[in-house]
Amino acid sequence: MKLGKITIDRERCKGCYMCIEVCPRRKIEVDPELNKKGYQPAVFKGSEEDEKPCNACAMCAVVCPDVAIEVYRAE
């Protein structure tokens, strides 16, 4: 299985949390810290040691209206 990870640009994220809703592995959470615009951005909480790690499905990036998410797949 290919493992993945995502990066979320916390300054672009406006906290709609659509990415949290669509993540099948539940690897995205609400960041308790505010960004510079005063929003609580989403944050990736996955790791390779997880029982069900991110599989780089890219659903989060597809639904992000702020284009704040980049998806990376391990080879």
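Reply: Helices (H or I, at least four residues) and strands (E, at least two) are DSSP runs, numbered from the N terminus. This is a predicted model: local features need pLDDT of at least 70, side-chain atom pairs count only at pLDDT 80 or more, and totals for chains, interfaces and linings use all residues. Residues are numbered from 1 along each chain as its sequence is written, and side-chain values use heavy atoms, without hydrogens or water.

Start with the core. A nonpolar core is a set of buried Ala, Val, Leu, Ile, Met, Phe, Trp, Tyr and Cys residues joined through side-chain atoms within 4.5 Å. Buried means under 20% relative accessible area, exposed over 50%, partly exposed in between (1.4 Å probe, protein chains only). The largest core has 13 residues, and Ile 6, Ile 28 and Cys 60 are among those with the most contacts inside it. Strand S1 (4-8) and helix H1 (18-22) are the elements that give this core two or more residues. Setting aside neighbours within four places in sequence, Ile 28 is in contact (heavy atoms within 4.5 Å) with residues including Ile 6, Cys 19, Cys 23 and Cys 60.

Next, the cavities. A cavity is a set of points on a 1 Å grid, over the protein atoms alone, where a 1.4 Å probe fits but cannot get out; lining residues have an atom within 4 Å of a point. Points are joined across faces, edges and corners, and volume is the space filled by probe spheres set on them. Two cavities reach 30 Å³ or more. Of its 13 lining residues, Cys 13, Cys 16, Cys 19, Cys 64 and Ile 69 lie nearest its centre.

Now the cysteines. A disulfide is a pair of cysteine sulfur atoms within 2.5 Å. The whole structure has zero. Cys 23 is in none, its nearest cysteine sulfur being that of Cys 57, 6.3 Å away. The sulfur of Cys 54 has its closest cysteine sulfur in Cys 23, at 6.6 Å, too far for a bond. Cys 23 is buried, at 11% relative accessible area. Cys 54 is also buried, at 11%.

Finally, a contrast in the loops. Val 67 sits between helix H2 (59-63) and strand S4 (69-73). Val 67 is exposed, at 59%, and has a positive phi of about 50 degrees, though not a glycine.

Methods. 1 Å grid on protein atoms, 1.4 Å probe; cavity = no way out; pocket = protein on both sides within 12 Å on 5 of 7 lines; lining within 4 Å.
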